[in-house]
Amino acid sequence: MKISAMMVMAIALVIPITAFAQGIDEDTAKKIDEAVKKGVEYLKAKQQADGSWAGGGNHETLYPEGTTALALFALLKSGIVDRNDPMIVKGFDFIGKNYK
């Protein structure tokens with residue numbers, strides 16, 4: 001199975017949450033915060049006009065709702081994007097209209 005950069009970024013946004021529970025130093029925490037911010041900006045830039053996130057992988061073409069759900073989850077768990085952000089609302093609207 002081929003994993004796209006978008007899926008890796010979405011998963012990477014969720015991982016730092018566990019790092020904070022393990023008690024990390026301040027310098028590492030700052031680096032994690034910067035990485036999360038970059039990931040959020042990346043995902044924001046990749047959202048399609050219809051509200052979805054679609055990459056180049058076969059599974060993303062066949063199941064755009066899954067890729068969109070993963071991107072939404074990562075964005076919401078980042079702690080940077082609010083659930084009422086128009087980007088989030090648009091993504092959930094896409095899933096609601098297209099889920100089979």
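Q: How many residues apart are Glu26 and Lys30 in helix 3, and what does that mean in helical turns?
A: In this predicted model, helix 3 covers residues 26-46, and Glu26 and Lys30 lie four residues apart in that helix, so about one helical turn separates them.

Q: What contact does Glu26 form with Lys30?
A: A salt bridge needs a side-chain nitrogen of Lys or Arg within 4 Å of a carboxyl oxygen of Asp or Glu. Glu26 and Lys30 form one, with their closest N and O atoms 3.6 Å apart.

Q: Is Glu26 buried or exposed?
A: Exposed means over 50% relative accessible area. Glu26 has 59% relative accessibility, so it counts as exposed.

Q: How many salt bridges does the structure hold?
A: Four. Among them is the pair Glu26 and Lys30.

Q: Which residue forms a salt bridge with Asp27?
A: Lys31 does; the closest N and O atoms are 3.6 Å apart. Asp27 and Lys31 are four residues apart in helix 3, so the separation is about one helical turn. Asp27 is partly exposed at 46% relative accessible area. Lys31 is exposed at 56%.

Q: How far apart are the closest N and O atoms of Lys44 and Glu41?
A: They are 4.0 Å apart, and the two residues form a salt bridge. Here the spacing in helix 3 is three residues, again about one helical turn.

Key: Residues numbered from 1 in each chain as written. Predicted model: local features only at pLDDT ≥ 70, side-chain atom pairs only at ≥ 80, totals over all residues. Heavy atoms only, no water. Helix = DSSP H or I, 4+ residues; strand = E, 2+ residues; numbered from the N terminus. Buried < 20%, exposed > 50% of the residue type's maximum accessible area, 1.4 Å probe, protein only.
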